[in-house]
Amino acid sequence: MSRIIFQSILKRSFRKSSPWAPPKISSIGNVNKMCDQAASKSKLSDRLLQIGNFNVYCWSISGIETTVVVKKPSDGFSCCFDMGYACRHNIPCDKVMISHGHMDHISAVPQHIKKRELSSLKPASYYVPPHLVDNLLKVCSGFDGLSENTKGLKDPNIIGVKAGEEINLSRGYFAIPFPTVHRVSSQGYIIYSTHKKLAPKYEGLDPKQIAVCIRNGEDIFDEPEIIPEVAFTGDTTFEVFSQCPQDVFRVKLLIMEATYINNDEGTLEERVSLARKWGHIHLSELYENASMFENVDNILLMHLSDKYSCGYIRTKVFENIPESLKDKIHVSTLAKEHYI
Ligand SMILES: [Zn+2]
Ligand SMILES: [Zn+2]
């Protein structure tokens with residue numbers, strides 16, 4: 001059985017500073033257990049995936065809602081991709097990167113703004129493909145009118161970013177959008193971390209000697225090391241992988257859509273062709289091209305079609321998985337479990 005890591009159900013634990021602060025991770029369960037527990041709806045919102053060094057809250061069903069929060073507890077980094085659902089897990093995120101304008105990925109932006117305001121959090125920044133800026137501002141303005149004087153909705157930080165432009169994130173991280181291939185203009189994001197490295201001539205010096213060099217005004221650092229950490233595809237066809245930056249194939253965590261996973265209707269060609277027609281990926285495309293992802297540490301599949309049950313998902317995702325992907329594939333069924 002392939003490795004699927006899920007965090008167990010947690011009790012809600014609110015921090016004093018913010019009513020939206022997410023709970024802490026406590027332990028790891030597995031997908032079978034999670035699905036079996038799906039009837040217990042009251043506990044279902046408190047689930048994080050622990051994947052490598054990341055904690056991931058992935059709430060995603062195709063056409064319904066998608067939002068993904070990625071955190072790296074070791075250095076306090078966090079960010080959010082897409083905003084189809086504003087909940088206490090993503091309210092604390094002040095950097096939100098949106099992939100495209102479909103409702104299931106963007107419609108909760110006004111709610112996110114309002115909920116942060118209610119929690120006395122400073123306004124977040126929303127990075128979107130440039131063509132979405134005007135309409136998203138209009139949507140926020142419309143909600144401002146409906147709710148009569150909601151401060152944050154009057155002048156939200158909605159920032160258009162083109163593919164290749166750099167987005168400054170916190171704690172030495174930055175993001176770069178890349179074009180994806182969907183039914184509408186869309187983009188994914190790569191998150192990078194930067195690490196200062198001592199210049200070779202200073203390596204081996206003890207801290208006191210280093211301190212002396214700094215006091216003398218010497219620049220002790222070499223060019224920073226830049227590490228691709230996370231890539232997020234949003235909605236796309238598999239064609240994205242023939243044109244994306246090569247760093248996508250070197251990340252520690254690739255969060256990609258796999259809207260369709262069925263292998264029991266029609267031929268493989270028919271299934272793939274239907275997925276592409278709708279601007280999405282069929283899981284078999286990933287498995288047929290597994291070698292492309294040999295340098296990716298982990299892959300999280302999201303945005304699965306709402307027509308699949310939890311049991312169907314865990315069967316189909318893992319029944320034909322190539323050997324090289326067996327320890328890498330994770331799948332998000334959190335939202336699906338909640339809606340059962
Ligand atoms: Zn979608
Ligand atoms: Zn879409």
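Mentor: Let's start with a pair of residues: facing Leu253 of S14 you'll find Val230. Before we go on, keep in mind that this is a predicted model, in which local features need pLDDT of at least 70 and side-chain atom pairs count only at 80 or more, while totals for chains, interfaces and linings use all residues. Residues are numbered from 1 along each chain as its sequence is written, and chains are lettered from A and ligands numbered from 1 in the order in which they are written.

Strands here are DSSP runs of E with at least two residues, helices are runs of H or I with at least four, and both are numbered from the N terminus. S14 itself covers residues 253–257. On one flank sits strand S13, residues 225–232, which runs parallel to S14 and is joined to it by 3 bridges. (Two strands count as paired once DSSP finds at least two bridges between them.) On the other pairing, S14 goes with strand S15, residues 298–302, again in the parallel sense, over 5 bridges. To find that on screen, click on Met256, whose bridge partner in S15 is Leu301.

Now zoom out to the sheet. It is open, has 7 strands, and reads S10-S11-S12-S13-S14-S15-S16, with mixed pairing. Its edges are strand S10 (167–168) and strand S16 (329–331); each has a single partner strand, so one side of each is left without a neighbour in the sheet.

What about cover? In S14, 5 of the 5 residues are buried, so the strand is largely enclosed by the rest of the structure. Both faces are covered: Leu253, Ile255 and Glu257 are buried on one side, and so are Leu254 and Met256 on the other.

As for Ile281, it is 24 residues from Glu257 along the chain, yet their C-alpha atoms are separated by 6.6 Å.

For contrast, look at helix H6, residues 207–215. Of its 9 residues the number buried is 0, so H6 lies largely in the open. Just after it, Gly217 takes a positive phi of about 80 degrees.

If you want another sheet to compare, an open one of 7 strands is ordered S3-S4-S5-S6-S7-S8-S9, also with mixed pairing. Its edge strands are S3 (49–51) and S9 (157–160), each with a single partner strand, so one side of each has no neighbour in the sheet. Inside it, S7 (residues 95–97) and S8 (residues 125–128) run parallel and are joined by 3 bridges, with Lys95 standing opposite Ser125 of S8.

Note on methods:
A residue is buried if 20 or more other C-beta atoms lie within 10 Å of its own, exposed if 12 or fewer, and partly exposed in between; C-beta atoms are placed from the backbone.
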